[in-house]
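Subject: Structure handover

Hello,

Here is the structure I promised to pass on. Please open it alongside this email, and then read the notes below.

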Amino acid sequence: MSAITLTDVSRSFGQIRVLQDIDLDIRDGELIVFVGPSGCGKSTLLRLIAGLDRPTSGSIAIDGRDVTKVAAADRGLAMVFQSYALYPHMSVRQNLAFGLENARMPRAEIDARIAEAARMLEIAPYLERRPGQLSGGQRQRVAIGRAIVRNPTAFLLDEPLSNLDAELRISTRAELAALHERLAATMIYVTHDQIEAMTLADRIVVLRAGRIEQVGTPLELYNRPANLFVAGFIGAPRMNFLPGRIAGSADGRSTVELGGAGTMLVEKVEAAAGDHVTLGVRPHHLRLLPAGGGVAAEVTLVEALGSETILHARTPDRQSLLAVLAGQQEVAAGETIHLEFDPGTLHLFDSSGLRLQPLQRDSGAR
Amino acid sequence: MANAAVGLAARAGAIILAPVGWLARVLDPPLRLMQKAGGQNGMVAFFLAPNMLIFGIFVLFPLVINIAYSMTGGSALFLEDRVFVGADQYRRLFTCGNYLDPGSCAEDLFWTAVWNTSTFVVFQVALMIGVALVTALVLNRDIRARSFWRAVFFFPVLLSPVVVGLIWRWILQREGLLNYMLHGIGLDPVVWLVERDWAFMAAIGVSVWAHVGFYALILLAGLQAIPKDLYEAAEMDGTRPARVFRRITLPLLAPNLLVVLVLTLIRAVQIFDEVYVLTGGGPGTSTLFITQYIYEVGFASLLRNPGLASAASILMGSVLVILTLAQLGIARKNEMRSKKG
């Protein structure tokens, strides 16, 4: 069990700064997910923690002990690689035993640990097989087993589900969550899939271009994204963004003009009249108005999934909107619809993309 | 800019390829006619014919003739002038008081060559694989100017064997470069190519130098095919370097090592050109190998005996066939294993 602290960690490859000034406290026993688009530095950050790579500057501590210059093997961590990195010429049993033999552990202890991991992961029937004779899901379990037998202070998982098919990914995700519950170990999990992040994480670290954009629980990130990037990255389908302008402020309220789509009254924000802002609304928070009013938009595509209907639409000033509506809707492409949203679910961002004050609940779209 | 360059390259390509197009247009009608007449299988035979003809004239025919020669006697060159002697030539090669003592054999030079070649094969193959493996391991590391070093080790492979022999004779001869340098630092010169053991070692060393780049390249390809992840997993597992080499690198390199083993074995049994130029088989018979024996008995000596040379070459060929079959078997096994993945 361990807490991991990163202080001012940076990593450059030549001129390219892959990670910049990362400060992060990973709490004992939590499952923390690093999420971000390809190339955001999340895997590099994991490798720095693992000790497979060294930071250019800054320090890494595990349980208060500075391990910045400590070899990977001496950090007490175990890693599950994206490719699983199982030794192809060894049986599953030999794969699990390999690291323990390095530590010159007694044979009986090794056998006991393998038996325990095999039971926990249900891989006992394959112990004498080689990785090439296993399915993707089985290999994945062996890779996790190899980490478990070492009884590490923390688990590092690098996109462990990315090589599995969709169905297996969902079931394995649930198993990983159960495993974390059971082992109560610190787990650092890297993924580019925000759904994996939302479902697994105690806390999520959103990374972009080598910097931390926001750290928080999944719902904090969903409900109060710190900036446009996080707002767009967390939540599926992606949040709708509409450009707007502060028309004026009075009585503690601000009026926002939404191009040709109408105006809104929101709780006063720290922005002057004339400032450009971006208004964010999640597709699930849009409702269809039977008659006029709200934001008018022309439907471009209807995806009827049975339990819900996804509408792709375009506002008069050619902003695209996505609405996810419950049930089945009698709407056809080409029709003009009117959408409204509960102001309590709206997000407002200033011209530099940072979150503005929360919107007031009792004002609606006009 | 880039677009213009691409356009220019495309135009240049079109100009260069234009004659190919004309040729195709000229050849097309007769080929179509032939295919109509002969069918698809007929076309296969037609396209294979030139190569089969060359193979037949230069490989298959000499092989058959060679077997015929090995059963004839005398020094006449043409087969129709030669006397049929059955297995006499083979009997002569195998007439021996004690095979380990060439002096007791009817064809003492043959057995000298056989034992010289055997000794050469054992030491040369061991040294070759060892040096190739070390070279590949070093070249696989993140060293400075890696491409340059790779070229340096591969370069001798491009040289003609005669050039290799001449270069090293120039270095090792009595008044050669090496002795000049030894003299320069105040050491007594050594007559490298005149002392039996030194000459034998020189033959091994020079042939290793000339070919090691090729085998190092095969091993290097094998090393690069091993996923980096495995080494990182081993690092996380706290594996010591020697154990990483023994338990991960060597087993995963085994298929390539086997290929290299068989290829070096075949090449070592055939050893001739660079050593012939370097030592001429001497001093005495200390670097006389089988191929040189065959060449001298069949063509170069005053008392030439083509029948005996043919018989010896058939024997050597049999050994090579066995080694080649072993190599094919290994290659097929590797292929099946990689398919099973």
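**Two domains**

Chain A is divided into domain 1 (4-233) and domain 2 (240-349). Please keep in mind that this is a predicted model. The centres of domain 1 and domain 2 of chain A, taken over C-alpha atoms, are separated by 39 Å. The two domains of chain A do touch: domain 1 gives 8 residues to the contact and domain 2 gives 6 residues.

**The six-stranded sheet**

One open sheet of chain A has 6 strands. Their order is β6-β7-β8-β3-β9-β10, and the pairing is mixed. The edges are taken by β6 (77-80) and β10 (211-216) of chain A. Each has a single partner strand, so one side of each is left without a neighbour in the sheet. On average, neighbouring strands here are turned by 20 degrees against each other, direction ignored.

Look next at β3 (residues 31-35) and β9 (residues 203-208) of chain A. They pair in the parallel sense, over 4 bridges.

Helix α4(A) lies across β6 and β7 (154-158) of chain A. Its direction is about 175 degrees to β6(A).

How do α4(A) and α5(A) cross, and at roughly what angle? The axes of α4 (residues 136-148) and α5 (residues 166-183) of chain A come within 12 Å and cross at roughly 15 degrees. Angles under 35 degrees count as roughly parallel, so α4(A) is roughly parallel to α5(A). The crossing of α4(A) past α5(A) is right-handed.

Here are the residues that meet:

- From α4(A): Gly137(A), Gln140(A), Arg141(A), Ile144(A) and Ile148(A).
- From α5(A): Leu168(A), Thr172(A), Glu175(A), Leu176(A), Leu179(A) and Leu183(A).

In this contact of α4(A) with α5(A), 6 residues are nonpolar, 3 are polar and 2 are charged.

**The five-stranded sheet**

Another open sheet of chain A has 5 strands, in the order β13-β12-β11-β14-β20. Its pairing is antiparallel. At the edges stand β13 (263-267) and β20 (347-349) of chain A. Each of these has a single partner strand, so one side of each has no neighbour in the sheet. Neighbouring strands of this sheet are turned by 40 degrees against each other on average, direction ignored.

Strand β12 (residues 253-257) of chain A runs antiparallel to β13(A), and 5 bridges join them. Val256(A) has Met264(A) as its bridge partner in β13(A).

Best wishes

Definitions and conventions
Residues are numbered from 1 along each chain as its sequence is written. Chains are lettered from A and ligands numbered from 1 in the order in which they are written. This is a predicted model: local features need pLDDT of at least 70, side-chain atom pairs count only at pLDDT 80 or more; totals for chains, interfaces and linings use all residues. Side-chain values use heavy atoms; hydrogens and water are left out. Axes are lines fitted to C-alpha atoms, for helices over the stretch in contact, and angles run from 0 to 180 degrees between N-to-C directions. Helices (H or I, at least four residues) and strands (E, at least two) are DSSP runs, numbered from the N terminus. Angles under 35 degrees count as roughly parallel, over 145 as roughly antiparallel, 65 to 115 as roughly perpendicular and the rest as oblique. A crossing is left-handed if the near helix is turned anticlockwise from the far one by less than a right angle, and right-handed if clockwise. Contact means heavy atoms within 4.5 Å. Ala, Val, Leu, Ile, Met, Phe, Trp, Tyr, Cys and Pro count as nonpolar, Asp, Glu, Lys and Arg as charged, and the others, Gly among them, as polar. Two strands pair if DSSP finds at least two bridges between them. Domain bounds come from an automatic or database domain assignment.
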